[in-house]
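Here are my notes on the model you sent over.

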Amino acid sequence: RVVVAGSFNQDFVWRVPRFNAPGQTQLGSFASGPGGKGSNQAIACARLGVTTTFIGALGEDAIAQQAIALMQAEGVDARWEGHPTLASGSAAIWIDAAGQNMIVVDPGANLALSAAHVEAQREAIAAARVVLTQHEIHPDATRRTLELAGEAGALRIHNPAPDVPADAAAPLALVDVLTPNESEFAALLRAHCGLDIDPDALHALADAELHALCRRLPPPSLVLTLGARGAFVSHADAGQDGGPCHRVPARAVDATDTTGAGDAFNGGLAVALAEGRAFADAVRFATAVAALQVQRPGAALAMPLRDEVERLQAE
Ligand code: ADP
């Protein structure tokens, strides 16, 4: 079993020729779909065929009803905390003709997810092989999830996304596997080590240099995702499968929408590690999951099924 504690947001997406100027009205095309990193990752796990529990929070509104129905349809065992006076999480997203986006997020109930509600799911956490967290809920809830997972001996994967101020970030000492992208990695190096590194400059580093930077952060294993450049894996334990560090290239695919690529990757990694795969193999599995996801529009609803991943890996 995998337990994901995290956010649910309904995404409201408008495609426009160009971004509005203040006071301007224009026509655009609209679509709405489920998002939120926690929920995306939980759906990724469930579609990959693993028993998945999701711990999250909702208001009492139309978004909440959609979220409850979605998790049921996806076969996710969702443990919602209800907050009648708060709105469910939402994101307004504008995408221009060049594919750039402008986003406003109201975390709403997500930030009210309590440590007590996490505590009430103690049994599910104790039954998990892997527990997966991100940065879109109240930090106390994330901390409690990681603490309970540690007590239960579950593997703790933390995706430090999005960037948040240090006081809202998860305690890295409680994390076994950290999965930042480039900008999140640079932000963590700044917060924890006072290093000022431009995320783009990471691409020019040799493996040994990147490995040394990874080792400045507490988690014993780190998977740095590099978009179309793939992933860099670093372990404190040189005896890990794949050696102390190695790269896993992304698959060459026609990426049409990379929203949720990191979520697909994290879901894939969690499932593969929960199934007991060796680490390097788990990263290859996660890479295949993400490669399928980026070829389809949307976030959660673009997550691939187990069969699709196995077919791709068999090619
Ligand atoms: P995030 O969405 O969190 O910023 P990344 O952009 O680093 O995460 O993507 C996560 C993973 O998804 C990458 O390591 C890679 O395996 C896969 N991926 C992302 N973009 C592409 C792409 N254009 N083509 C193929 N795979 C991709």
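**Notes on the fold**

1. The largest nonpolar core has 87 residues, and V2, V130, L269, A270 and V289 are those with the most contacts inside it. Such a core is a set of buried Ala, Val, Leu, Ile, Met, Phe, Trp, Tyr and Cys residues joined through C-beta atoms within 7 Å. Helix α9 (residues 279–293) gives the most to this core, with 10 residues. In soluble globular proteins, nonpolar side chains tend to be buried together.

2. A word on conventions. This is a predicted model, in which local features need pLDDT of at least 70 and side-chain atom pairs count only at pLDDT 80 or more, while totals for chains, interfaces and linings use all residues. Residues are numbered from 1 along each chain as its sequence is written. Helices (H or I, at least four residues) and strands (E, at least two) are DSSP runs, numbered from the N terminus. A residue is buried if 20 or more other C-beta atoms lie within 10 Å of its own, exposed if 12 or fewer, and partly exposed in between, with C-beta atoms placed from the backbone.

3. Back to V289: leaving aside neighbours within four places in sequence, V289 is in contact (C-beta atoms, placed from the backbone, within 7 Å) with A44, L48, A264, F265, G267, G268, P304 and V309.

4. D263 sits in helix α8 (residues 261–274). UniProt, in an unreviewed entry, places the feature "active site" at D263; UniProt annotations may be inferred rather than shown by experiment. Is D263 buried or exposed? D263 counts as buried, because 30 C-beta neighbours lie inside 10 Å. Not counting residues up to four places away in sequence, D263 touches K37, N40, Q41, A44 and A299.

5. Strand β4 (residues 52–58) has seven of its seven residues buried, so β4 is largely enclosed by the rest of the structure. T52, F54, G56 and L58 point one way, and T53, I55 and A57 the other way. In a regular strand the side chains alternate between the two faces of the sheet.

6. β4 has two parallel partners to look at. Strand β1 (residues 2–5) is joined to β4 by four bridges, with V3 as the bridge partner of T53. Strand β5 (residues 77–82) pairs with β4 over six bridges, and here T53 stands opposite D77. Pairing requires that DSSP finds at least two bridges between the strands.

7. Strand β11 (221–225) has five of its five residues buried, so β11 too is largely enclosed by the rest of the structure. S221, V223 and T225 point one way from β11, and L222 and L224 the other way. β11 pairs in the parallel sense with strand β10 (residues 177–178) over two bridges, and in the antiparallel sense with β12 over five bridges. In the hairpin of β11 and β12, which has five residues between the strands, G227 takes a positive phi near 55°.

8. Helix α7 (residues 207–214) has L210, L213 and C214 as its buried residues. Seen down the axis of α7, these residues fall within an arc of 100° (taken from the directions from the helix axis to the C-beta atoms), so they line one face of the helix. What covers them includes α6 (182–193), β11 and β12. On the other side of α7, A208 and E209 are exposed.

Note on methods: Two residues are in contact if their C-beta atoms, placed from the backbone, lie within 7 Å.
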